[in-house]
Amino acid sequence: MGRTAPANLGEQEHNRLLVLRLAGREVALPIEVVSEMIRMVALTPLPDVPAWLCGVLNLRGVVVPVVDLRTRLGLPTSPPHLSTPISIVHAGDRLVGLLADEAVEIVNPAPNELSPAAEIGGSDHPVVAIAELGGGLLPVVDVEKICTGTEDLVLPDADELLHAP
C-alpha cells in the first residue's frame, strides 16, 4: 500500500512544518493539520485501548483522544511532565491530541527540499516525505496513519527512507 503526502505538500513555494522532538529524534507534521498547541492537562484513561492511546481530554467541551507519539512510533517511553506539549491536530474529520517531548520549531522547506519517502519494509511506518534541512533529514509523518488503525508502527531512520533499494 503506497503512502501519499498531503495533497499540497511540496507544491507550494514554502511548506510549513511543525517540528516535534521524540526521544531525541525529530519528526514533522504539516502545519495545516495543526489546530493548536496546549500544555499537558489531566487525561482520562480508557479501558481496553492500545497502549499508545493514553486517554482523552476535554477541550472546551469536545472529547479529544490523545496519542503518545513515542509509544505509537515504537520509541522508548517516558512519562509526561506538566510542560509536555500536546499538538491538537485534525485527523480526518476529528480532533486528536499528539503527545510529544517538545515542540521545537516551525520550518519552511522549499519544494526542492522535500522528497517522497521510499517504500521500505512494507507499510509499518507513517513517514510520507523527508525534508532535507540544514544538512539534516526530517521525516514528515502522516497524521491520519498515526491516529488510526491498531497495527504497530515504527519510525525508521530518515536516510533509510530516502535511499531504500
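Which residue in E11 stands opposite Ala129? In this predicted model, the residue opposite Ala129 is Val140. Strand E10 spans residues 127–133 and strand E11 spans residues 136–141. The two pair in the antiparallel sense, over 6 bridges. Together they form a hairpin with 2 residues between the strands. Gly134 sits in the turn and has a positive phi of about 55 degrees.

Asp48 belongs to the loop between strand E3 (34–39) and strand E4 (53–59). Its relative accessibility is 82%, so Asp48 counts as exposed. Arg60 has a positive phi of about 50 degrees and is likewise not a glycine. The loop between E4 and strand E5 (62–68) holds Arg60.

The salt bridges number 4. In one of them, the side chain of Arg60 meets that of Glu36 at 2.5 Å, N to O. Glu36 lies in strand E3 and Arg60 in the loop between E4 and E5, so this pair ties together parts that are 24 residues apart in sequence. Arg60 is exposed, at 65% relative accessible area. Glu36 is partly exposed, at 22%.

Arg21, Glu26 and Glu102 are linked in a salt-bridge network. Arg21 meets Glu102 at 2.7 Å, N to O. Because Arg21 lies in strand E1 (residues 17–22) and Glu102 in strand E8 (residues 102–107), the contact ties together parts that are 81 residues apart in sequence. Arg21 also meets Glu26, at 2.6 Å, N to O. Relative accessibility is 25% for Arg21, which counts as partly exposed. Glu26 is partly exposed at 30%, and Glu102 is partly exposed at 34%.

Notes: Residues numbered from 1 in each chain as written. Predicted model: local features only at pLDDT ≥ 70, side-chain atom pairs only at ≥ 80, totals over all residues. Heavy atoms only, no water. Helix = DSSP H or I, 4+ residues; strand = E, 2+ residues; numbered from the N terminus. Buried < 20%, exposed > 50% of the residue type's maximum accessible area, 1.4 Å probe, protein only. Pairing = 2+ DSSP bridges.
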